[in-house]
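Visitor: Could you show me around this one? I'm new to reading structures.

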Amino acid sequence: MNATHTTDIASPPAPAPGAGAGADTNEALVHPDIDIDEFVDRYVAVWNEPDPAVRRAAVAALWAPDGIETIESGRYVGHEALLARVTEAHEQLVAGGGFVFRSAEDAVGHNGTITFTTYMIPAAGGDVAWTGRMVVRLGPDGRIRHDRQFTVPTDPTPGTGAVVAEFVRRVGAGAPDRIAELFADRVDWLLDWPAEGHPATPWIRSRSTRADVAAHFRELAAAHTDDHDPDTHADTDADADVDAPTAGPDLRILLDGPEAVLLTEIRRTAAATGTAYRAMCAVHVTVEAGLISRYHVYEDSLTVARAHTIGNRPTDTPTT
């Protein structure tokens, strides 16, 4: 399993699970204590992990002491052999090759077995270079007894779940131009309340092109400071961004064919007023030919506008 789709053991990488649609339904059927999303995240992360000590601990947490991994060109048994395999793949493909492993967001499981697809893609962006399918059998302790990896034909067009997951990652990284790369040339965009616009929230307006998308996320970033908790006005680790949910603890993603809905809570601080606020938000996305062609945002824009309006700052409120 490697980037050239051969079975040469010198370049074997790549497992990356997918968590997403159907995970909640299958969870209890896999193992009573297994969260499929969390398991898949850990499995993908071990191949991308640069720290040797963290990688060793992750291998021990994922596989049973006598756990087995079988690929097309060989078999690895026990923690030391598995660690050597993961390390070799990381050094050749991630550290040395500039690739990163991502989930295809398609994990399903039952009766102690999970199957999922992983992609190897350039870390700087680009087409899928390798696709693998994993079949993982868990033991009573929730660790891997045996996992089998299969190289499968690479579809250069990523699915809805993978596109949405990458969108979430890029929003979290704060990269407007890279976010825009995930959108079609022409976009069915809905984020325009009120219709005539609001002077305090100029980014809330109609858009239609990929260039418009990049401009939207630049304006959005410039209008906010670090996240704060509106109840305490203290810093918080919440990542949810206005009009663009990121991978925070409250983010939910629902998938149905080419359609996806992202549900989250906006938690931001307006740069102009210093006002911290929260507002519920839902985003309806359509993915066609691997690109986002529809982006409809349903949010509490009134709360957003009030937070960005100078006269609404807490310090502007007269005291008696």
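Visitor: Are F167 and F183 buried or exposed?

Guide: First, a heads-up: this is a predicted model, where local features need pLDDT of at least 70 and side-chain atom pairs count only at pLDDT 80 or more, while totals for chains, interfaces and linings use all residues. Residues are numbered from 1 along each chain as its sequence is written, and side-chain values use heavy atoms, leaving out hydrogens and water. Buried means under 20% relative accessible area, exposed over 50% and partly exposed in between (1.4 Å probe, protein chains only). By that scale, F167 and F183 are both buried.

Visitor: What kind of pair do the rings of F167 and F183 make?

Guide: Rings of Phe, Tyr and Trp (its six-membered ring) pair if their centres lie within 6.5 Å; planes under 30 degrees apart are stacked, over 60 edge-to-face and the rest tilted. The centres of F167 and F183 are 6.1 Å apart and their planes sit at 75°, so the pair is edge-to-face.

Visitor: How about Y43 and F116: what type of pair are they?

Guide: Y43 counts as buried at 0% relative accessibility, and F116 is buried too, at 1%. Their ring centres are 5.2 Å apart with planes at 70°, so this pair is edge-to-face.

Visitor: How many aromatic pairs does the count come to?

Guide: The ring-centre rule above does the counting. By this rule, the count of aromatic pairs comes to 10.
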